[in-house]
Amino acid sequence: FITPTECQAMEQQAQPKLMRAVVADGAGGHEFSESRRAMQAGIKVPWEQEPQQHPITTISRRVYDYVNHVTGLQIQEHGQENLMSIQVIGERREELFVAVLIVLIVVDILLQLTLTL
């Protein structure tokens, strides 16, 4: 779903903006949680660079195409939120690998389900 080059582009765009991740507070807002070990950053999608195949626009377009395919909707990028990078902070590097692996497995399952519908 995402190439190593695209992943690196997301990491580079997010790096200077990373901040402690928050969770929903149940009242429509958000709060910090001691058990949430992650950093997050919004990534502005440079849609004007889509003709040049900018990695961030390529990822975002792929997300919209997938969502539209699965839902049957025709959601357009205009007026939508930017991408969100969430980077898990583990005590060991293996924890990050496991978190990424779980996400990849979920994406793979969703893709397989979509192909069978």
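A: Let's start with serine 60, which sits in helix 2, the run covering residues 55-71. This is a predicted model, so read everything here as computed from it. Is serine 60 buried or exposed? Its relative accessible area is 4%, and because the cut-off for buried is under 20%, serine 60 counts as buried. As for what it touches, leaving out residues up to four places away in sequence, the partners are Val45, Trp47 and Leu83.

Now for a contrasting spot, isoleucine 2. This residue belongs to the segment ahead of helix 1, which spans 4-14. With a relative accessible area of 37%, isoleucine 2 is partly exposed; that label applies because the value falls between the 20% and 50% cut-offs.

Zooming out, the protein chain has 3 helices and 5 strands, and reading from the N terminus the order is α-β-β-β-β-α-β-α. Of its 117 residues, 21% count as buried, and serine 60 is one of the buried ones. The chain exposes about 8600 Å² overall, with 59% of that coming from carbon and sulfur atoms. Lastly, on contacts: taking those between residues at least 6 apart in sequence, 54% link residues at least 24 apart.

Terms used. Residues are numbered from 1 along each chain as its sequence is written. This is a predicted model: local features need pLDDT of at least 70, side-chain atom pairs count only at pLDDT 80 or more; totals for chains, interfaces and linings use all residues. Side-chain values use heavy atoms; hydrogens and water are left out. Helices (H or I, at least four residues) and strands (E, at least two) are DSSP runs, numbered from the N terminus. Buried means under 20% relative accessible area, exposed over 50%, partly exposed in between (1.4 Å probe, protein chains only). Contact means heavy atoms within 4.5 Å. Accessible areas come from the Shrake-Rupley method with a 1.4 Å probe; for residues, only the protein chains shown count as cover.
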